[in-house]
Amino acid sequence: MTVIVQPTGIEPADVLAVARHDAKVELSPAAIEAMATSRAIVDGIEASGRPVYGVSTGFGALANTSIAPERRAELQHALIRSHAAGIGAPMPREVVRAMMLLRVRSLAMGRSGVRPVLAQGLVDLLNHGITPWVPEHGSLGASGDLAPLAHCAIVLLGEGWVVGKDGGRASAAEALHTAGLRPLELAAKEGLALINGTDGMLGMLLLSIADAAHLFAMADVTAALATEAMLGSERPFLPELHAIRPHPGQAASAANIHRLLQGSAIMDSHRDDLAHAVQDAYSIRCAPQVAGAARDTLDFVRVTAGRELISVVDNPVVLPDGRVESTGNFHGAPLGFAADFLAIAAAEVGAISERRVDRLLDVTRSRDLPPFLSPDAGVNSGLMIAQYTAAGIVAENRRLASPASVDSLPTSGMQEDHVSMGWAATKKLRTVLDNLTSLLAVELLSAVRGLQLRAPITPSPAGRAAVEAVEPFAGKPGPDIFLAPVLEQTRTVLAGPALRATIEAAIGAPL
(Lines give C-alpha, C1' and ligand atoms only; values in the text may rest on other atoms or scores of the structure.)
Protein backbone atom coordinates (compact mmCIF):
# COMPACT_ATOMS: atom_id res chain seq x y z
CA MET A 1 0.00 0.00 0.00
CA THR A 2 1.13 3.54 -0.79
CA VAL A 3 -0.34 6.60 0.91
CA ILE A 4 -0.58 9.57 -1.46
CA VAL A 5 -0.50 12.85 0.47
CA GLN A 6 -2.82 15.44 -1.07
CA PRO A 7 -3.12 19.14 -0.16
CA THR A 8 -6.56 18.29 1.23
CA GLY A 9 -5.19 15.96 3.90
CA ILE A 10 -5.18 12.23 4.60
CA GLU A 11 -7.45 9.67 6.25
CA PRO A 12 -7.11 8.00 9.67
CA ALA A 13 -6.55 4.69 7.88
CA ASP A 14 -3.55 6.24 6.12
CA VAL A 15 -1.96 7.07 9.46
CA LEU A 16 -2.46 3.52 10.73
CA ALA A 17 -1.07 2.07 7.50
CA VAL A 18 2.14 4.09 7.71
CA ALA A 19 2.56 3.92 11.49
CA ARG A 20 1.84 0.24 12.01
CA HIS A 21 2.22 -1.44 8.64
CA ASP A 22 5.10 0.48 7.01
CA ALA A 23 3.08 1.68 4.02
CA LYS A 24 5.06 3.79 1.58
CA VAL A 25 4.36 7.52 1.24
CA GLU A 26 4.28 9.78 -1.82
CA LEU A 27 3.59 13.47 -2.30
CA SER A 28 0.96 14.17 -4.94
CA PRO A 29 1.73 16.66 -7.74
CA ALA A 30 -1.00 18.90 -6.30
CA ALA A 31 0.71 18.91 -2.89
CA ILE A 32 4.06 19.77 -4.45
CA GLU A 33 2.45 22.62 -6.36
CA ALA A 34 0.69 23.95 -3.26
CA MET A 35 3.96 24.04 -1.32
CA ALA A 36 5.85 25.69 -4.17
CA THR A 37 3.17 28.39 -4.45
CA SER A 38 3.29 29.25 -0.75
CA ARG A 39 7.09 29.18 -0.75
CA ALA A 40 7.13 31.81 -3.49
CA ILE A 41 5.17 34.11 -1.18
CA VAL A 42 7.74 33.66 1.62
CA ASP A 43 10.57 34.34 -0.81
CA GLY A 44 8.83 37.55 -1.82
CA ILE A 45 8.48 38.64 1.79
CA GLU A 46 12.16 37.97 2.42
CA ALA A 47 13.11 40.06 -0.56
CA SER A 48 10.91 42.93 0.60
CA GLY A 49 12.54 43.08 4.04
CA ARG A 50 9.14 43.13 5.76
CA PRO A 51 9.27 41.84 9.39
CA VAL A 52 7.37 38.55 9.74
CA TYR A 53 7.42 36.25 12.76
CA GLY A 54 9.64 33.25 12.23
CA VAL A 55 10.88 34.49 8.88
CA SER A 56 12.80 37.60 9.85
CA THR A 57 12.38 37.53 13.65
CA GLY A 58 13.25 35.28 16.56
CA PHE A 59 10.80 32.91 18.23
CA GLY A 60 8.55 32.90 21.28
CA ALA A 61 9.67 35.55 23.75
CA LEU A 62 12.26 36.65 21.14
CA ALA A 63 9.60 37.49 18.56
CA ASN A 64 10.58 41.16 18.56
CA THR A 65 14.23 40.43 17.80
CA SER A 66 15.02 41.19 14.14
CA ILE A 67 17.26 38.71 12.32
CA ALA A 68 19.60 39.90 9.56
CA PRO A 69 18.99 38.27 6.14
CA GLU A 70 22.37 36.54 6.09
CA ARG A 71 21.60 34.80 9.43
CA ARG A 72 18.06 33.59 8.74
CA ALA A 73 19.10 30.12 7.61
CA GLU A 74 21.32 29.90 10.69
CA LEU A 75 18.28 30.89 12.76
CA GLN A 76 16.29 27.91 11.46
CA HIS A 77 19.10 25.43 12.19
CA ALA A 78 19.63 26.89 15.65
CA LEU A 79 15.92 26.57 16.34
CA ILE A 80 15.94 22.85 15.62
CA ARG A 81 19.05 22.19 17.67
CA SER A 82 17.84 24.13 20.70
CA HIS A 83 14.34 22.69 20.60
CA ALA A 84 15.53 19.08 20.33
CA ALA A 85 15.74 19.16 24.10
CA GLY A 86 13.67 16.15 25.14
CA ILE A 87 14.68 13.66 27.77
CA GLY A 88 13.67 10.15 28.73
CA ALA A 89 12.91 6.84 27.04
CA PRO A 90 12.19 6.86 23.28
CA MET A 91 8.63 7.05 22.07
CA PRO A 92 7.31 3.94 20.32
CA ARG A 93 8.14 3.62 16.63
CA GLU A 94 4.48 3.77 15.58
CA VAL A 95 4.03 7.12 17.35
CA VAL A 96 7.09 8.64 15.68
CA ARG A 97 6.06 7.40 12.24
CA ALA A 98 2.53 8.77 12.71
CA MET A 99 3.98 12.09 13.84
CA MET A 100 6.23 12.42 10.79
CA LEU A 101 3.44 11.54 8.36
CA LEU A 102 1.13 14.08 9.96
CA ARG A 103 3.78 16.80 9.69
CA VAL A 104 4.10 15.93 5.99
CA ARG A 105 0.32 16.23 5.75
CA SER A 106 0.34 19.69 7.29
CA LEU A 107 3.21 20.98 5.14
CA ALA A 108 1.56 19.57 2.02
CA MET A 109 -1.52 21.73 2.53
CA GLY A 110 0.47 24.68 1.21
CA ARG A 111 0.04 27.12 4.09
CA SER A 112 3.47 26.77 5.71
CA GLY A 113 5.64 28.49 3.10
CA VAL A 114 8.18 25.68 2.79
CA ARG A 115 9.89 24.12 -0.21
CA PRO A 116 8.57 20.71 -1.32
CA VAL A 117 12.02 19.25 -0.58
CA LEU A 118 11.32 19.67 3.13
CA ALA A 119 8.23 17.45 3.09
CA GLN A 120 10.06 15.03 0.79
CA GLY A 121 12.82 14.76 3.38
CA LEU A 122 10.34 13.42 5.95
CA VAL A 123 8.82 11.12 3.32
CA ASP A 124 12.29 9.71 2.64
CA LEU A 125 12.82 8.95 6.33
CA LEU A 126 9.52 7.07 6.43
CA ASN A 127 10.15 5.13 3.23
CA HIS A 128 13.65 4.11 4.32
CA GLY A 129 12.44 3.00 7.74
CA ILE A 130 14.53 5.59 9.58
CA THR A 131 12.94 6.34 12.96
CA PRO A 132 14.17 9.39 14.87
CA TRP A 133 14.87 8.91 18.57
CA VAL A 134 12.15 11.02 20.18
CA PRO A 135 12.34 11.22 24.00
CA GLU A 136 9.06 10.91 25.88
CA HIS A 137 9.36 14.21 27.79
CA GLY A 138 9.55 17.65 26.21
CA SER A 139 6.17 18.67 24.83
CA LEU A 140 3.62 20.83 26.63
CA GLY A 141 1.29 20.91 23.63
CA ALA A 142 2.03 24.64 23.61
CA SER A 143 3.16 25.66 20.12
CA GLY A 144 2.28 22.10 19.29
CA ASP A 145 4.76 19.31 19.99
CA LEU A 146 7.90 21.43 19.66
CA ALA A 147 10.52 19.17 21.24
CA PRO A 148 9.30 15.85 19.79
CA LEU A 149 9.03 17.32 16.29
CA ALA A 150 12.45 18.94 16.67
CA HIS A 151 13.91 15.50 17.41
CA CYS A 152 12.44 14.38 14.07
CA ALA A 153 13.58 17.51 12.24
CA ILE A 154 17.18 17.35 13.47
CA VAL A 155 17.59 14.02 11.70
CA LEU A 156 16.89 15.81 8.39
CA LEU A 157 19.93 17.97 9.16
CA GLY A 158 22.11 14.88 9.58
CA GLU A 159 22.30 15.45 13.32
CA GLY A 160 20.75 13.89 16.41
CA TRP A 161 19.81 10.29 16.98
CA VAL A 162 17.75 7.56 15.34
CA VAL A 163 16.61 4.22 16.69
CA GLY A 164 19.22 1.63 15.73
CA LYS A 165 18.63 -1.97 14.69
CA ASP A 166 19.29 -3.09 18.26
CA GLY A 167 16.74 -0.61 19.63
CA GLY A 168 19.42 1.69 21.02
CA ARG A 169 20.48 5.16 19.88
CA ALA A 170 22.38 5.46 16.63
CA SER A 171 23.85 8.35 14.66
CA ALA A 172 21.42 10.13 12.35
CA ALA A 173 24.29 11.07 10.03
CA GLU A 174 25.25 7.41 9.61
CA ALA A 175 21.62 6.38 9.05
CA LEU A 176 21.21 8.96 6.28
CA HIS A 177 24.48 7.92 4.67
CA THR A 178 23.53 4.23 4.73
CA ALA A 179 20.19 5.04 3.10
CA GLY A 180 21.82 7.21 0.45
CA LEU A 181 20.15 10.38 1.74
CA ARG A 182 21.75 13.81 2.07
CA PRO A 183 21.20 16.24 4.97
CA LEU A 184 19.00 19.24 4.21
CA GLU A 185 19.92 22.91 4.46
CA LEU A 186 16.97 24.85 5.83
CA ALA A 187 15.75 28.13 4.38
CA ALA A 188 13.82 30.90 6.14
CA LYS A 189 10.66 29.76 7.98
CA GLU A 190 11.38 26.06 7.41
CA GLY A 191 12.71 25.11 10.83
CA LEU A 192 9.68 26.63 12.48
CA ALA A 193 7.36 24.90 10.03
CA LEU A 194 8.88 21.52 10.89
CA ILE A 195 8.08 21.75 14.59
CA ASN A 196 5.03 23.99 15.07
CA GLY A 197 2.22 21.45 15.02
CA THR A 198 0.01 19.06 16.95
CA ASP A 199 1.26 16.03 15.02
CA GLY A 200 2.54 14.02 17.98
CA MET A 201 -0.63 14.29 20.02
CA LEU A 202 -2.83 13.80 16.93
CA GLY A 203 -0.85 10.71 15.97
CA MET A 204 -1.28 9.20 19.42
CA LEU A 205 -4.97 10.11 19.42
CA LEU A 206 -5.57 8.43 16.05
CA LEU A 207 -3.77 5.27 17.17
CA SER A 208 -5.79 5.33 20.39
CA ILE A 209 -9.07 5.70 18.50
CA ALA A 210 -8.34 2.50 16.59
CA ASP A 211 -7.36 0.65 19.75
CA ALA A 212 -10.34 1.91 21.74
CA ALA A 213 -12.80 0.91 19.00
CA HIS A 214 -11.55 -2.67 19.16
CA LEU A 215 -11.43 -2.78 22.95
CA PHE A 216 -14.94 -1.38 23.37
CA ALA A 217 -16.24 -4.07 21.01
CA MET A 218 -14.39 -6.74 23.00
CA ALA A 219 -15.78 -5.28 26.22
CA ASP A 220 -19.24 -6.24 24.95
CA VAL A 221 -17.91 -9.75 24.32
CA THR A 222 -16.41 -10.21 27.78
CA ALA A 223 -19.52 -8.73 29.42
CA ALA A 224 -21.73 -11.18 27.55
CA LEU A 225 -19.52 -14.15 28.40
CA ALA A 226 -19.40 -13.17 32.08
CA THR A 227 -23.19 -12.74 32.12
CA GLU A 228 -23.60 -16.17 30.57
CA ALA A 229 -21.17 -17.81 33.00
CA MET A 230 -22.98 -16.23 35.99
CA LEU A 231 -26.42 -17.32 34.78
CA GLY A 232 -27.43 -13.72 34.28
CA SER A 233 -30.50 -12.56 32.42
CA GLU A 234 -30.57 -11.41 28.81
CA ARG A 235 -33.78 -9.41 29.31
CA PRO A 236 -32.08 -6.10 30.29
CA PHE A 237 -30.48 -6.07 26.84
CA LEU A 238 -33.73 -6.18 24.83
CA PRO A 239 -33.77 -3.43 22.18
CA GLU A 240 -37.07 -1.93 23.30
CA LEU A 241 -35.55 -1.13 26.70
CA HIS A 242 -32.81 0.91 25.08
CA ALA A 243 -35.01 2.63 22.52
CA ILE A 244 -36.58 4.56 25.40
CA ARG A 245 -33.19 6.03 26.29
CA PRO A 246 -31.84 6.75 22.82
CA HIS A 247 -28.09 7.01 23.32
CA PRO A 248 -26.68 5.38 20.17
CA GLY A 249 -23.69 3.78 21.86
CA GLN A 250 -25.90 2.22 24.52
CA ALA A 251 -28.21 0.75 21.88
CA ALA A 252 -25.27 -0.68 19.95
CA SER A 253 -23.68 -2.23 23.03
CA ALA A 254 -26.96 -3.71 24.26
CA ALA A 255 -27.66 -5.18 20.83
CA ASN A 256 -24.21 -6.76 20.81
CA ILE A 257 -24.61 -8.35 24.23
CA HIS A 258 -28.13 -9.61 23.47
CA ARG A 259 -26.94 -11.11 20.18
CA LEU A 260 -23.92 -12.71 21.83
CA LEU A 261 -26.12 -14.47 24.40
CA GLN A 262 -28.32 -16.22 21.84
CA GLY A 263 -27.96 -19.92 21.06
CA SER A 264 -26.76 -20.76 24.54
CA ALA A 265 -27.91 -23.88 26.34
CA ILE A 266 -26.60 -22.24 29.52
CA MET A 267 -28.98 -19.31 29.04
CA ASP A 268 -31.82 -21.70 28.10
CA SER A 269 -31.30 -23.64 31.31
CA HIS A 270 -32.54 -20.80 33.51
CA ARG A 271 -34.35 -18.39 31.19
CA ASP A 272 -37.77 -19.09 32.72
CA ASP A 273 -36.53 -19.24 36.33
CA LEU A 274 -37.26 -15.66 37.33
CA ALA A 275 -36.63 -16.28 41.02
CA HIS A 276 -32.85 -16.48 40.75
CA ALA A 277 -32.36 -13.19 38.91
CA VAL A 278 -35.15 -10.71 39.35
CA GLN A 279 -32.47 -8.09 38.80
CA ASP A 280 -28.82 -8.70 38.04
CA ALA A 281 -26.21 -6.49 39.65
CA TYR A 282 -25.31 -3.21 38.00
CA SER A 283 -22.02 -4.54 36.61
CA ILE A 284 -24.09 -6.95 34.48
CA ARG A 285 -27.34 -5.09 33.90
CA CYS A 286 -25.71 -1.71 33.23
CA ALA A 287 -22.92 -2.96 30.97
CA PRO A 288 -24.44 -1.28 27.88
CA GLN A 289 -24.93 2.01 29.70
CA VAL A 290 -21.21 2.20 30.54
CA ALA A 291 -19.69 0.65 27.42
CA GLY A 292 -22.24 2.50 25.29
CA ALA A 293 -21.34 5.85 26.83
CA ALA A 294 -17.71 5.02 26.05
CA ARG A 295 -18.69 4.37 22.44
CA ASP A 296 -20.40 7.76 22.26
CA THR A 297 -17.32 9.39 23.77
CA LEU A 298 -15.22 7.67 21.12
CA ASP A 299 -17.49 9.08 18.41
CA PHE A 300 -16.87 12.60 19.75
CA VAL A 301 -13.13 12.00 19.81
CA ARG A 302 -13.23 10.60 16.27
CA VAL A 303 -14.95 13.77 15.03
CA THR A 304 -12.37 15.97 16.77
CA ALA A 305 -9.46 14.04 15.27
CA GLY A 306 -11.10 14.12 11.86
CA ARG A 307 -11.31 17.91 11.99
CA GLU A 308 -7.66 18.13 12.99
CA LEU A 309 -6.71 15.94 10.03
CA ILE A 310 -7.96 18.59 7.61
CA SER A 311 -6.59 21.52 9.61
CA VAL A 312 -3.61 23.74 8.89
CA VAL A 313 -1.61 23.66 12.11
CA ASP A 314 1.34 26.03 11.91
CA ASN A 315 2.41 29.55 12.85
CA PRO A 316 2.63 31.80 11.01
CA VAL A 317 0.52 30.63 8.06
CA VAL A 318 0.74 31.75 4.45
CA LEU A 319 -2.64 32.71 3.01
CA PRO A 320 -3.41 32.47 -0.72
CA ASP A 321 -3.72 36.26 -1.00
CA GLY A 322 -0.09 36.67 0.07
CA ARG A 323 -0.62 37.57 3.71
CA VAL A 324 1.41 35.83 6.40
CA GLU A 325 -0.54 35.82 9.65
CA SER A 326 0.19 34.60 13.17
CA THR A 327 -2.32 32.12 14.54
CA GLY A 328 -2.97 30.05 17.64
CA ASN A 329 -3.93 26.95 15.66
CA PHE A 330 -1.01 25.02 17.13
CA HIS A 331 -2.67 24.97 20.56
CA GLY A 332 -3.54 21.40 21.47
CA ALA A 333 -6.62 22.03 23.62
CA PRO A 334 -9.10 20.25 21.28
CA LEU A 335 -6.94 17.12 21.28
CA GLY A 336 -6.06 17.30 24.97
CA PHE A 337 -9.70 17.59 25.99
CA ALA A 338 -10.66 14.71 23.70
CA ALA A 339 -7.88 12.46 25.01
CA ASP A 340 -8.77 13.15 28.63
CA PHE A 341 -12.44 12.46 27.94
CA LEU A 342 -11.63 9.15 26.24
CA ALA A 343 -9.28 8.15 29.07
CA ILE A 344 -12.11 8.64 31.56
CA ALA A 345 -14.46 6.50 29.48
CA ALA A 346 -11.90 3.75 28.95
CA ALA A 347 -11.05 3.67 32.65
CA GLU A 348 -14.70 3.08 33.49
CA VAL A 349 -15.06 0.30 30.92
CA GLY A 350 -12.18 -1.39 32.72
CA ALA A 351 -13.59 -0.67 36.17
CA ILE A 352 -16.94 -2.31 35.48
CA SER A 353 -15.16 -5.27 33.88
CA GLU A 354 -13.19 -5.84 37.09
CA ARG A 355 -16.44 -5.82 39.09
CA ARG A 356 -17.79 -8.65 36.93
CA VAL A 357 -14.57 -10.60 37.51
CA ASP A 358 -15.02 -10.17 41.25
CA ARG A 359 -18.56 -11.55 41.05
CA LEU A 360 -17.43 -14.54 38.98
CA LEU A 361 -14.86 -15.43 41.65
CA ASP A 362 -17.09 -14.91 44.71
CA VAL A 363 -18.91 -18.10 45.66
CA THR A 364 -21.66 -16.10 47.37
CA ARG A 365 -22.56 -14.25 44.15
CA SER A 366 -21.49 -16.45 41.23
CA ARG A 367 -24.54 -18.77 41.31
CA ASP A 368 -22.95 -22.11 42.12
CA LEU A 369 -19.55 -21.63 40.56
CA PRO A 370 -16.72 -22.81 42.87
CA PRO A 371 -14.68 -20.28 44.87
CA PHE A 372 -12.24 -18.37 42.65
CA LEU A 373 -13.24 -20.69 39.79
CA SER A 374 -11.14 -23.52 41.22
CA PRO A 375 -12.71 -27.01 41.45
CA ASP A 376 -10.48 -27.70 44.45
CA ALA A 377 -10.44 -24.38 46.29
CA GLY A 378 -8.40 -24.28 49.45
CA VAL A 379 -5.32 -26.09 48.30
CA ASN A 380 -5.76 -24.16 45.06
CA SER A 381 -6.43 -20.42 44.76
CA GLY A 382 -7.71 -20.39 41.18
CA LEU A 383 -7.96 -16.88 39.77
CA MET A 384 -7.91 -15.12 43.16
CA ILE A 385 -4.74 -13.13 42.47
CA ALA A 386 -5.68 -12.39 38.87
CA GLN A 387 -8.47 -10.30 40.38
CA TYR A 388 -5.93 -8.59 42.64
CA THR A 389 -3.96 -7.68 39.54
CA ALA A 390 -7.09 -6.34 37.89
CA ALA A 391 -7.94 -4.28 40.95
CA GLY A 392 -4.47 -2.74 40.96
CA ILE A 393 -4.80 -1.84 37.28
CA VAL A 394 -8.22 -0.26 37.89
CA ALA A 395 -6.65 1.89 40.61
CA GLU A 396 -3.88 2.98 38.25
CA ASN A 397 -6.37 3.83 35.51
CA ARG A 398 -8.32 5.98 37.93
CA ARG A 399 -5.16 7.97 38.63
CA LEU A 400 -4.45 8.25 34.91
CA ALA A 401 -8.01 9.39 34.22
CA SER A 402 -7.28 12.63 36.04
CA PRO A 403 -7.18 15.16 33.19
CA ALA A 404 -3.85 16.48 31.99
CA SER A 405 -5.46 19.30 30.02
CA VAL A 406 -6.29 21.32 33.14
CA ASP A 407 -2.64 21.43 34.22
CA SER A 408 -1.24 24.36 32.23
CA LEU A 409 2.19 25.77 33.10
CA PRO A 410 3.50 29.05 31.59
CA THR A 411 6.70 28.97 29.54
CA SER A 412 8.89 31.05 27.20
CA GLY A 413 9.09 34.15 29.34
CA MET A 414 5.26 34.22 29.71
CA GLN A 415 4.77 34.44 25.93
CA GLU A 416 3.36 30.93 26.01
CA ASP A 417 1.37 31.54 29.17
CA HIS A 418 -1.26 28.86 28.62
CA VAL A 419 -0.42 25.42 27.25
CA SER A 420 -2.60 22.42 26.45
CA MET A 421 -0.67 19.46 27.89
CA GLY A 422 -2.11 17.56 24.93
CA TRP A 423 1.02 15.42 24.55
CA ALA A 424 0.69 14.25 28.15
CA ALA A 425 -3.04 13.65 27.72
CA THR A 426 -2.63 11.48 24.64
CA LYS A 427 0.40 9.66 26.02
CA LYS A 428 -1.40 8.62 29.20
CA LEU A 429 -4.49 7.69 27.16
CA ARG A 430 -2.36 5.04 25.46
CA THR A 431 -1.41 3.68 28.89
CA VAL A 432 -5.05 3.59 29.97
CA LEU A 433 -5.97 1.61 26.85
CA ASP A 434 -3.07 -0.79 27.36
CA ASN A 435 -4.32 -1.32 30.91
CA LEU A 436 -7.86 -1.84 29.61
CA THR A 437 -6.51 -4.63 27.40
CA SER A 438 -5.20 -6.37 30.52
CA LEU A 439 -8.45 -5.89 32.43
CA LEU A 440 -10.57 -7.33 29.63
CA ALA A 441 -8.11 -10.22 29.32
CA VAL A 442 -8.65 -11.09 33.00
CA GLU A 443 -12.41 -11.00 32.41
CA LEU A 444 -12.10 -13.13 29.29
CA LEU A 445 -10.08 -15.79 31.14
CA SER A 446 -12.48 -15.71 34.11
CA ALA A 447 -15.55 -15.99 31.89
CA VAL A 448 -14.02 -18.89 29.95
CA ARG A 449 -13.29 -20.68 33.24
CA GLY A 450 -16.89 -20.09 34.29
CA LEU A 451 -18.25 -21.45 31.01
CA GLN A 452 -15.97 -24.50 31.27
CA LEU A 453 -17.31 -25.15 34.77
CA ARG A 454 -20.91 -25.11 33.47
CA ALA A 455 -20.16 -28.20 31.34
CA PRO A 456 -21.77 -30.35 30.10
CA ILE A 457 -24.22 -27.52 29.37
CA THR A 458 -22.97 -25.82 26.22
CA PRO A 459 -22.38 -22.08 25.91
CA SER A 460 -23.33 -19.67 23.15
CA PRO A 461 -21.47 -19.66 19.81
CA ALA A 462 -19.48 -16.69 21.15
CA GLY A 463 -18.74 -18.64 24.32
CA ARG A 464 -17.61 -21.68 22.35
CA ALA A 465 -15.31 -19.50 20.24
CA ALA A 466 -13.80 -17.97 23.38
CA VAL A 467 -13.24 -21.35 25.04
CA GLU A 468 -11.65 -22.72 21.87
CA ALA A 469 -9.32 -19.71 21.69
CA VAL A 470 -8.24 -19.77 25.34
CA GLU A 471 -8.34 -23.45 26.33
CA PRO A 472 -5.28 -24.54 24.27
CA PHE A 473 -2.94 -22.54 26.53
CA ALA A 474 -5.07 -22.16 29.69
CA GLY A 475 -6.25 -25.76 29.88
CA LYS A 476 -9.37 -26.86 31.72
CA PRO A 477 -10.25 -25.99 35.33
CA GLY A 478 -8.02 -27.97 37.64
CA PRO A 479 -4.96 -27.62 39.86
CA ASP A 480 -3.28 -24.22 39.92
CA ILE A 481 -0.84 -23.40 37.13
CA PHE A 482 1.73 -20.64 36.55
CA LEU A 483 -0.77 -17.93 35.70
CA ALA A 484 1.31 -15.04 34.34
CA PRO A 485 1.99 -16.56 30.90
CA VAL A 486 -1.66 -17.56 30.62
CA LEU A 487 -2.72 -13.98 31.27
CA GLU A 488 -0.19 -12.71 28.71
CA GLN A 489 -1.49 -15.11 26.07
CA THR A 490 -5.08 -14.15 26.89
CA ARG A 491 -4.09 -10.50 26.38
CA THR A 492 -2.73 -11.38 22.96
CA VAL A 493 -5.94 -13.20 22.02
CA LEU A 494 -8.10 -10.32 23.19
CA ALA A 495 -6.02 -7.62 21.49
CA GLY A 496 -5.73 -9.48 18.20
CA PRO A 497 -8.30 -9.68 15.40
CA ALA A 498 -8.84 -13.45 15.21
CA LEU A 499 -11.22 -14.05 18.14
CA ARG A 500 -13.34 -11.04 17.26
CA ALA A 501 -13.56 -12.16 13.63
CA THR A 502 -14.57 -15.68 14.68
CA ILE A 503 -17.27 -14.35 17.00
CA GLU A 504 -18.59 -11.92 14.39
CA ALA A 505 -18.85 -14.78 11.91
CA ALA A 506 -20.63 -16.92 14.51
CA ILE A 507 -23.26 -14.27 15.31
CA GLY A 508 -23.51 -13.01 11.74
CA ALA A 509 -22.96 -9.35 12.58
CA PRO A 510 -20.11 -6.92 13.28
CA LEU A 511 -19.54 -5.85 16.87
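This is a predicted model: local features need pLDDT of at least 70, side-chain atom pairs count only at pLDDT 80 or more; totals for chains, interfaces and linings use all residues.

Biologist: How many residues line the largest pocket, and which lie nearest its centre?

Modeller: The lining of the largest pocket has 25 residues, and Leu 79, His 83, Leu 146, Ile 195 and Glu 416 are the ones nearest the centre. The volume of this pocket is about 460 Å³, and by class its lining holds 13 nonpolar, eleven polar and one charged residues.

Biologist: Why is Arg 39 called buried?

Modeller: The relative accessibility of Arg 39 is 5%, and buried means under 20%, so Arg 39 counts as buried. This residue is found in helix α2 (residues 29-48), and, leaving aside neighbours within four places in sequence, its contacts include Glu 46, Gly 113, Arg 115 and Glu 190.

Biologist: What makes Phe 300 and Phe 341 an aromatic pair, and why is the pair called tilted?

Modeller: A search of the whole structure finds one aromatic pair. The ring centres of Phe 300 and Phe 341 are 5.9 Å apart, and rings pair if their centres lie within 6.5 Å, so these two count as a pair. The angle between their planes is 55°, and since planes under 30 degrees apart count as stacked and those over 60 as edge-to-face, the pair is therefore tilted.

Biologist: Which parts of the chain does this pair tie together?

Modeller: Phe 300 lies in helix α14 (residues 287-309) and Phe 341 in helix α15 (residues 333-361), so the pair ties together parts that are 41 residues apart in sequence.

Biologist: Why is Phe 300 described as partly exposed?

Modeller: Phe 300 has a relative accessible area of 39%, while buried means under 20% and exposed over 50%, so Phe 300 falls in between and is partly exposed. Phe 341 is also partly exposed, with a relative accessible area of 39%.

Biologist: Which residue lies over the face of Trp 161, and at what distance from the ring centre?

Modeller: Arg 169 lies over the face of Trp 161, at 3.7 Å from the ring centre, and Arg 169 also lies over the face of Trp 133, at 5.4 Å from the ring centre.

Conventions. Residues are numbered from 1 along each chain as its sequence is written. Side-chain values use heavy atoms; hydrogens and water are left out. Rings of Phe, Tyr and Trp (its six-membered ring) pair if their centres lie within 6.5 Å; planes under 30 degrees apart count as stacked, over 60 as edge-to-face and the rest as tilted. Helices (H or I, at least four residues) and strands (E, at least two) are DSSP runs, numbered from the N terminus. Buried means under 20% relative accessible area, exposed over 50%, partly exposed in between (1.4 Å probe, protein chains only). A charge sits over a ring if NZ of Lys or CZ of Arg is within 6 Å of the ring centre and within 35 degrees of the ring normal. Contact means heavy atoms within 4.5 Å. On a 1 Å grid over the protein atoms alone, a cavity is a set of points where a 1.4 Å probe fits but cannot get out, and a pocket is an open set with protein on both sides within 12 Å along at least five of seven lines; lining residues have an atom within 4 Å of a point. Grid points are joined across faces, edges and corners, and a volume is the space filled by probe spheres set on the points. Ala, Val, Leu, Ile, Met, Phe, Trp, Tyr, Cys and Pro count as nonpolar, Asp, Glu, Lys and Arg as charged, and the others, Gly among them, as polar.
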